[in-house]
Amino acid sequence: MSVELDVFVGNTTIMDKEVYQLWLNGYTVNDAVKVRIEGGVMEECEASAEVLLSDTMDQYRTFQMCERLLHHPAKLANQLLFQIPPDRQAMLIERYYAFDDSFVREVLGKKLSKGTKKDLDDVSIKTGIMLKSCRRQFDNFKRVFKVVEELKGPLVENIRQHFLLPDPLARDYAAIVFFANNRFETGKKKLQYLTFQDFAFCAGQLINNWTVGAVDNMMEDMDVDLDKEFLQDLKDLKILITDKDLLDQHKSLVCTALRGKTNVFNEMEANFKNLSRGLVNIAAKLINAKDVRDFFIDLVEKFIEPCRSDKLTSIDVNLYLTHYTNSAHILDTFKHHTVWTRYMGVIKSCILRMYHD
C-alpha cells in the first residue's frame, strides 16, 4: 500500500518565542508542555500531546546548545551550526539578558560573588521567580560586570558593543555594574519604596556627572569609579554651613526667592539650616567609601524624610532645590561654583526621582 507524505526541508532553525520564554523562566519540559496545552496550542496546531512533548524537548535542546553562544553574543552571528536570521538572533540575545525588576531589586548593590549566589534560593522564594531563572539573571550580571570592568571608554557603549543589547537594556546593565562596583546600600527598610528604575535613573546621573569619565572619556574604569578629585573638592562646600554669615546670607536669598510661591514657605524657612547641613554634609563625607555606600539612605534621612514631615510636594521640593542651588552662586565670598553646580545637579535630579508624593 502506498502512502503519500508532504515533506518540507529547510535549514532555518525553528524557535518558538513562547517556548523560549518558558525555558528562560526556568520551566521543566513537562511543565512547559502543560502551559502550552492550557494555552490552546493543541487545538491551534491540531497536534497530539506526544507531538507537543517531542517538539518542546527538541526546542529545549536547541536552546541549551545555543546558550554557550549567548554568553558571548557576537559569536552567535559567526557560528555555522544554527541558521538563525539576524532579527531572531537579536530577539534571543535581548530576551536572554532581560531580567525581572523584582529580582534585580533584591541583589542591587551587592557583591556579585558566590556568597550572594548562595542566597538566590531565598530570593527565588521571596520574588516567586524560579531558581533557574534567578541563576541565569545573576550569572548574566556577573558576566557583564567582569567583561566591562577593565575596559576603557563609555560604560553603556561597551556593554552595547560586547553584548549586542538594545540601548535601554544596556543602560540598565550599566546601572547594575555601577551599583555592584560601588556597593551602594539599597536594601534598608527606608529604601524599599524605591524601584530598580528609580535607582537606575540615579545611577545614570552619577555616571554622567560624577565619574572620571564625566571629565575624560578614555580613562580606565571611567564610568565605574567615582571621580576621587571631585569627591575631595566637595569638602570645600562645608563653608556654606560652617561660616555663619554665609549660612545666614544663603538662607535669606533662598527665602526671598521662595516667599509667596508656595504654601509651605514657613516650613521651608524654619527647616532651611537643617536641610542645608544635611545636603552639604553628604557632600563632604563622600570621600569615604562607607559614606558613598550610604548615599541613598542619607538622602532619604537627611532631606526627603524631613520634607515629607513638613508636607512638601515634589513641586515644592523642585522649587526649593532650584533656588537653593542658584542662590549659592550669588554669595559674594563663595568661590566653589563649578563643584557646587556639578554636585547639586545630580542631587536635585536624584531627590526629585526618589521623592514619591
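This is a predicted model: local features need pLDDT of at least 70, side-chain atom pairs count only at pLDDT 80 or more; totals for chains, interfaces and linings use all residues.
Local features are reported at pLDDT of at least 70 and side-chain atom pairs at pLDDT 80 or more, while totals for chains, interfaces and linings use all residues. Residues are numbered from 1 along each chain as its sequence is written, and side-chain values use heavy atoms, leaving out hydrogens and water.

The chain is assigned domain 1 (17–97), domain 2 (101–183) and domain 3 (228–354), with bounds from an automatic or database domain assignment. Taken over C-alpha atoms, the centres of domain 1 and domain 3 are 52 Å apart.

Helices here are DSSP runs (H or I) of at least four residues, numbered from the N terminus. Helix α19 (residues 295–309) packs against helix α21 (residues 337–354) at about 65°, and their axes are 11 Å apart; axes are lines fitted to C-alpha atoms over the stretch in contact, and angles run from 0 to 180 degrees between N-to-C directions. That angle makes α19 roughly perpendicular to α21, a label for 65 to 115 degrees. In this contact (heavy atoms within 4.5 Å), α19 contributes Phe295, Phe296, Leu299, Val300, Phe303, Ile304 and Arg308, and α21 contributes Ile347, Cys350, Ile351 and Met354.

The structure holds 28 aromatic pairs, meaning rings of Phe, Tyr or Trp (its six-membered ring) with centres within 6.5 Å. In one of them, phenylalanine 99 and phenylalanine 141 have ring centres 5.5 Å apart and planes at 80°, so the pair is edge-to-face, the class for planes over 60 degrees apart. Phenylalanine 99 lies in the loop between α6 (86–97) and α7 (101–107), and phenylalanine 141 in helix α10 (residues 131–148), so the pair links parts of the chain 42 residues apart.

Key
Helices (H or I, at least four residues) and strands (E, at least two) are DSSP runs, numbered from the N terminus. Angles under 35 degrees count as roughly parallel, over 145 as roughly antiparallel, 65 to 115 as roughly perpendicular and the rest as oblique. Rings of Phe, Tyr and Trp (its six-membered ring) pair if their centres lie within 6.5 Å; planes under 30 degrees apart count as stacked, over 60 as edge-to-face and the rest as tilted.
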